[in-house]
Amino acid sequence: MIESHDGNLLPRPVKDSQSEMVEVVLPNDANPLGNLLGGRLMHLIDIAGALACHRHSRSYVVTASTDHLDFLAPVHVGDLLILRSSVNRAFHTSMEVGVKVWVENYIAGTKRHVSSAYLTFVAVDRQGRHTPVPQVIAETGEEKRRFEDAGRRRELRQAELERKRQAKKIPIS
C-alpha cells in the first residue's frame, strides 16, 4: 500500500483502477437456446469488479453486495464479452465499482452494450479483517458524476439496512 510520509494512504485516480476483461462465450456457458447464462455473466462481472478494486486498494478484496445489475440483451455462443470496470468511490474500507459489459460479434463487426452493474467490495487482510483503502480522485466530468452517484447509492443502501434492522425489532402479531 502506498502511504504518505505521515502514514496516511495516498488518494489514487480512477484511471489507476480501470480494468478490462475479454471472454469468448462457449457452449458450456450457454442455455439450450445458445444464450449466455445470467449466472455466468454475474460471475464474470464479479471478477471484473474485483480486478478494479484490487488495483485501487492494492489489497485482497471480497464482494459485499451487488447493488444493481441489468441484463439488456442476450449474448450468444461465439460472441466476445468485453467487461470494463473502475472504482467509482472509496469509503473507509469499502469501494463501489461500476462494471459495463459489451458484446462484440467479430464476424459482423458489431458491438453493443448488454449489461451494467454496481458492486461493493471490502478490502481485507489475510485474516479477513477489514483494511483501509485510499480515497478516489475523480478527474473527468464522468468520473465526478459517478463519484457523486456512488455516494447517493451508499446512502440508500445504509437506509435499507437500517430499515431491515428496525423491522427485526418489531414483533409480528
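This tour goes through the structure one selection at a time.

**Before starting**

The model is predicted, so local features are described at a pLDDT of at least 70 and side-chain atom pairs at 80 or more, while totals for chains, interfaces and linings use all residues. Residues are numbered from 1 along each chain as its sequence is written, and side-chain values use heavy atoms, with hydrogens and water left out.

**Stop 1: the whole chain**

Display the protein chain as a cartoon. The chain contains two helices and seven strands; these elements are DSSP runs, numbered from the N terminus, with helices (H or I) of at least four residues and strands (E) of at least two. Along the sequence they follow the pattern β-β-α-β-β-β-β-β-α. The C-alpha trace spans about 60 × 55 × 35 Å along its principal axes.

Of the 173 residues, 38% are buried. Buried means under 20% relative accessible area, exposed means over 50%, and partly exposed lies in between, for a 1.4 Å probe and protein chains only. Among contacts (heavy atoms within 4.5 Å) with a separation of 6 or more, 71% join residues 24 or more positions apart.

**Stop 2**

Select residues 38-57, which form helix 1. The expected span of a helix is 1.5 Å times one less than its number of residues. An α-helix has 3.6 residues a turn, so residues three or four places apart point the same way.

Next, colour Ile45, Leu81, Leu83, Met95 and Val101. These residues have the most contacts inside the largest nonpolar core, which has 31 residues. Such a core is a set of buried Ala, Val, Leu, Ile, Met, Phe, Trp, Tyr and Cys residues joined through side-chain atoms within 4.5 Å. Helix 1, strand 4, strand 5 and strand 6 each supply at least two residues of this core, and the largest share, seven residues, comes from helix 1. Centre the view on isoleucine 45: beyond its neighbours within four places in sequence, it is in contact with Leu69, Leu83, Val99, Val101, Ser115, Ala117 and Leu119.

**Stop 3: two loop residues**

Select arginine 58, in the loop between helix 1 and strand 3. Arginine 58 counts as partly exposed, because its relative accessibility is 42%.

Now move to leucine 72, in the loop between strand 3 and strand 4. Leucine 72 is also partly exposed, at 48% relative accessibility. Leucine 72 and valine 114 are 42 residues apart in sequence, yet their C-alpha atoms are 4.8 Å apart in space. Leaving out residues up to four places away, leucine 72 touches His113, Val114 and Ser115.

**Stop 4: helix 2**

Select residues 141-169. This is helix 2, whose 29 residues reach 43 Å from first C-alpha to last, close to the expected 42 Å. Its buried residues are Glu143, Phe147, Asp149, Ala150, Gly151, Arg153 and Arg157. They pack against strand 3 (60-71), strand 4 (80-90), strand 5 (94-105), strand 6 (110-124) and strand 7 (136-137).

**Stop 5: the pockets**

Show the surface. A pocket is an open set of points on a 1 Å grid over the protein atoms alone, where a 1.4 Å probe fits and protein lies on both sides within 12 Å along at least five of seven lines; lining residues have an atom within 4 Å of a point.

The largest pocket holds about 320 Å³ of space, and of its 16 lining residues, the closest to the centre are Arg84, Gly98, Val99, Lys100 and Arg146. Strand 5 gives the most to this lining, with four residues.

The second largest pocket holds about 200 Å³; its lining includes Ala64, Ser65, Thr120 and Arg157. Helix 2 gives the most here, with four residues.

**Stop 6: threonine 120**

Finish on threonine 120, which lies in strand 6. Is threonine 120 buried or exposed? Threonine 120 is buried, because its relative accessible area is 8%. Beyond residues up to four places away, its contacts include Ala64, Ser65, Met95 and Arg157.

Definitions and conventions
Points joined across faces, edges and corners; volume = space filled by probe spheres on them.
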